[in-house]
Amino acid sequence: MANVNKAIKISQKHLLGIQDLSISDVNFILSEAKQFIDLNKSKNKKLDVLRGKTQINLFFEPSTRTQSSFELAGKRLGADVMSMNLNNSAIKKGETLIDTAMTLNAMHPDIIVVRHQDSGASNLLSQKVNCAVLNAGDGRREHPTQALLDALTIIDRKEKIEGLKIAICGDIVHSRVARSNIYLLNMLGAEVNIIGPSNLMPKDIEKLGVKSFSDMKKGLKDCDIVMMLRLQNERMTSSFLSSNREYYEYYGLTPDKLDFAKDDALIMHPGPMNRGIEIDTNLADDINKSVIKEQVELGVAVRMACLKIFCE
Ligand code: NCD
């Protein structure tokens with residue numbers, strides 16, 4: 001019976017990418033998430049909707065926000081949550097992603113949350129296990145819950161996404177956050193500007209229905225939202241930039257560049273931030289402009305919604 005209901009509410013068994021979701025799937029996830037915002041601010045945060053369910057967090061890459069919020073989200077819904085410490089696991093002895101997945105699958109989890117350095121890893125995993133898989137970031141491909149929490153933050157502050165002008169700025173080529181946001185913001189009717197140096201800009205980005213700019217001031221003109229991205233040095237195989245100082249000068253968000261956006265423009269960043277490289281440290285902390293902390297806060301609500309919906 002539960003599966004019949006789930007099929008009506010959401011079209012997918014797994015959450016692997018925004019690209020797989022319909023607009024009604026997205027609206028359903030966001031409306032469920034809204035219900036958890038107040039719960040997360042209250043004194044008693046514990047529900048039992050996932051009591052008896054087992055959630056495994058499998059993070060092959062470092063994570064602070066995503067892993068901790070998935071863990072808290074599962075616990076607040078009453079699930080038994082196990083976060084694998086991959087430094088101590090058989091991965092270190094050469095076990096593959098699939099062998100690890102098969103081993104965990106034999107313990108009958110209800111949901112696996114996975115982050116992996118390879119694009120497509122979560123799709124592969126979803127074909128090998130019986131339970132639902134949530135993608136917490138796969139290589140450069142997608143990071144769907146990040147885009148959903150960004151959308152919830154924008155809606156919370158601006159009441160809508162349709163018609164807004166949104167800039168995504170920085171290391172686009174290595175960013176799964178950029179890709180998931182492009183798909184989702186386009187779906188929800190925003191106008192998306194992509195800004196970055198040409199060597200950090202994917203070829204054919206405009207085919208995704210966005211405008212691309214190498215001049216930050218032009219790209220920020222009249223924007224409602226300025227989303228900054230981290231320079232992902234760990235994904236760079238060769239030297240992409242001459243220096244961090246030069247990058248900051250051309251692509252760091254500073255007050256003079258932000259002046260080109262609308263007066264009430266909001267600043268976002270998925271974290272972790274490189275202060276003084278992609279963003280001025282005072283702007284990052286400016287409570288009138290920056291919603292970076294709210295993104296983290298609403299991330300828990302979005303992950304609770306996703307766990308509830310995909311675990312049911
Ligand atoms: C992002 C990621 O891991 O893709 N971080 C996050 O999930 N909050 C962005 C990044 O690492 O720069």
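Which residues are around the ligand? Select Thr 66, Arg 115, His 143, Gln 146, Arg 176, Val 177, Arg 230, Pro 270, Gly 271 and Pro 272 to see them; each has a heavy atom within 4 Å of the ligand. Before you go on: this is a predicted model, where local features need pLDDT of at least 70, side-chain atom pairs count only at pLDDT 80 or more, and totals for chains, interfaces and linings use all residues. Residues are numbered from 1 along each chain as its sequence is written, and side-chain values use heavy atoms, with hydrogens and water left out.

Now look at some polar contacts (pairs of N or O atoms within 3.5 Å). Click Arg 176: an N or O atom of its side chain is 2.7 Å from a ligand oxygen. The side chain of Thr 66 has an N or O atom 3.0 Å from an oxygen of the ligand. At Gly 271, a polar backbone atom is 2.9 Å from a ligand nitrogen. The protein covers 94% of the 320 Å² of accessible area that the ligand has on its own (Shrake-Rupley method, 1.4 Å probe).

The whole structure has 1 cavity of 30 Å³ or more, meaning a set of points on a 1 Å grid where a 1.4 Å probe fits but cannot get out. Then color helix H12 (292–311), a DSSP run of at least four residues: H12 gives the largest share of the lining, 5 residues.

Terms used. A polar contact is a pair of N or O atoms within 3.5 Å; within protein, one must be able to donate a hydrogen and the other to accept it, and residues adjacent in sequence count only if both atoms are side-chain atoms. On a 1 Å grid over the protein atoms alone, a cavity is a set of points where a 1.4 Å probe fits but cannot get out, and a pocket is an open set with protein on both sides within 12 Å along at least five of seven lines; lining residues have an atom within 4 Å of a point. Grid points are joined across faces, edges and corners, and a volume is the space filled by probe spheres set on the points. Helices (H or I, at least four residues) and strands (E, at least two) are DSSP runs, numbered from the N terminus.
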